[in-house]
Amino acid sequence: MQDEKDVVGGIAANDLAHGRSEGANTLKFAPYWWEAAPRPDAPPADLPAKTDVVIVGSGFTGLSAAITLLNNGRTAVVLDRGVPGFGASTRNGGQIGSGNQKFRVKRLIALRGEAKASAMLREGMQMLDYIESLIQKETIACHFRRCGRFRGAMQPAHYDAMARDMEDLKAIAGVESFMVSRSDQHAEIGSDVFFGGSVLPADASLHPGLYHAGLMARIAEKGGLVIGNTGADRIEADGKGFRVVTARGTINARNVIIATNGYTDGLVPELGRRIVPIGSGLIATEALPQALYDELLPKNRVYGNTNRVFYYFRGAPDERRIIWGGRIGRSGGTTSPSNYRHLARDMLHVFPQLKSTPVTHAWDGLIGYSFDEVPHIGRTAGGLHYALGYCGTGVSRATYFGHKIALQVAGDANGRTSFDDLNFPAYPAHAIAKHAVPVFETWYRFQDAIKR
Ligand SMILES: Cc1cc2nc3c(=O)[nH]c(=O)nc-3n(C[C@H](O)[C@H](O)[C@H](O)COP(=O)(O)OP(=O)(O)OC[C@H]3O[C@@H](n4cnc5c(N)ncnc54)[C@H](O)[C@@H]3O)c2cc1C
């Protein structure tokens, strides 16, 4: 454990957790990932008059779509309202799953039937394989690693439910996993908080900043354009295709892909009504001494828990920092240490050993939630293609859905997915839901806390 006097920058985790302000002025309110992948500062390129496909949103969905289109001989221009990668794709935890951990298998079967549930779960595993193959094929150096995921049970009943769910997952979709009892869990994690947990060995991790930068570089090499600081303000159908109107000019395209996920607004109202943005935040600690790091994360996996208001954490590649995330009430670049207090509190609940460790970075972003908690891909009544609604698990899903929507635009039958024919429900009272979700979050957090 580090000594208080060793703190050279950042705020000691214990001080952040208790709202003490000493050191808070040295906390950096920017993603830790941006240290290795600084934000592009070149002025945005001029808009070409036309292209085959305009993609709105320059996260993993948009960039993955662009790569597939360019590989298929199409021209593509990606627009972003902020600098490229402004959204969740350079802000996330870099944990890569199949998305299957989002579903309770029995519930999914009850809702969708066995055949559909099996197809969706199997496709989740293909999403993991796809991101790995893309990174290999495009030779993107981003610390991709099949590290596996440990999910800690917060209550004994959670452990039992998880064990049943893992058996169902194996039976219906062949997914491998194993359970770790409480008495054995120190082989997985240096904490006594959990009542055992499950391990999904195929899950992975990467450095989101470097992955995003690598995708950008490949697009440039293939002749695509990613234009930042150029929001799509209006999209008009013109009979032959679409006119995408921005403050910097208009661009004509045969097709448009909407890839705005948690940053979806009223640009396409029928999509805006189907997504609620939810804030998620992360903190990064200073690099830990090797021995402490090995004690806390002996297998160096990605980690989460079973609470409704879920937290997630991992080590930073090469640097032995702890990257700790969870939901955050206020979001959109919040720079108040108080908004990150609960993250430090949760971290110290799991790892009291970190009480004097400085927290150096804090940041947030928006995840896109669909009403049925399933990502959606398809085409609007007006002919716009879209892929969004990853509900907080989007590193693999956005990459895969971006690829698939691009194939659909290109008319390639390989673009079909088991998610194509799902009904995409609107939120019953979207304006209220947007404000109500953080209130429910607080309520769930309270319930989780009293059950600790
Ligand atoms: C803090 C945080 C932690 C996360 N951790 C994980 C994790 O560990 N593992 C995981 O799998 N997932 C995680 N996620 C989710 C994951 O990051 C997202 O699902 C994924 O990045 C979505 O990618 P995207 O390309 O669809 O959207 P984004 O990357 O959010 O990009 C959308 C873009 O659209 C742009 N935009 C919006 N409107 C317009 C417009 N009108 N014109 C032009 N541009 C526009 C925005 O500026 C934005 O850049 C996390 C998310 C957050 C916020």
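Modeller: The domain assignment of the protein chain gives three parts: domain 1 (1-30 + 276-370 + 438-452), domain 2 (40-134 + 202-274 + 371-421) and domain 3 (149-201). Where domain 1 meets domain 3, the contact takes 16 residues from domain 1 and 15 residues from domain 3. On the domain 1 side of this contact, the elements that give two or more residues are α9 (290-296), β14 (302-305) and α10 (341-350). Of these, β14 has the largest share of the side that touches domain 3, with four residues. Sorted by class, that side of domain 1 has seven nonpolar, five polar and four charged residues. The model is predicted, and this applies to everything described here.

Next, the ligand. Domain 1 and domain 2 each contribute at least three residues to the shell around the ligand. There are 45 residues around the ligand, and those that come nearest are Gly-59, Gly-87, Gly-93, Gly-365 and Gly-394. Several elements each supply at least two residues of this shell: α3 (60-71), β4 (95-96), β13 (275-285), β17 (358-370) and α11 (395-409). The largest share, four residues, comes from β17. By class, the shell has 18 nonpolar, 23 polar and four charged residues.

β13 and β16 run antiparallel and are joined by five bridges. In this pairing, Ser-280 stands opposite Arg-327 in β16. Strand β15 (residues 311-315) is likewise antiparallel to β16, and five bridges join the two. Here Tyr-311 stands opposite Gly-326 in β16. β15 and β16 form a hairpin, with six residues between the strands. In the turn, Asp-318 has a positive phi of about 75°.

That leaves the setting of β16 itself, which pairs with β13 and with β15. A residue counts as buried if 20 or more other C-beta atoms lie within 10 Å of its own. Six of the six residues of strand β16 (residues 322-327) are buried, so the strand is largely enclosed by the rest of the structure.

Note on methods. Residues numbered from 1 in each chain as written. Predicted model: local features only at pLDDT ≥ 70, side-chain atom pairs only at ≥ 80, totals over all residues. Near = placed C-beta within 6 Å. Nonpolar A, V, L, I, M, F, W, Y, C, P; charged D, E, K, R; others polar. Domains from an automatic or database assignment. Contact = placed C-beta atoms within 7 Å. Buried ≥ 20, exposed ≤ 12 C-beta atoms within 10 Å, placed from the backbone. Pairing = 2+ DSSP bridges.
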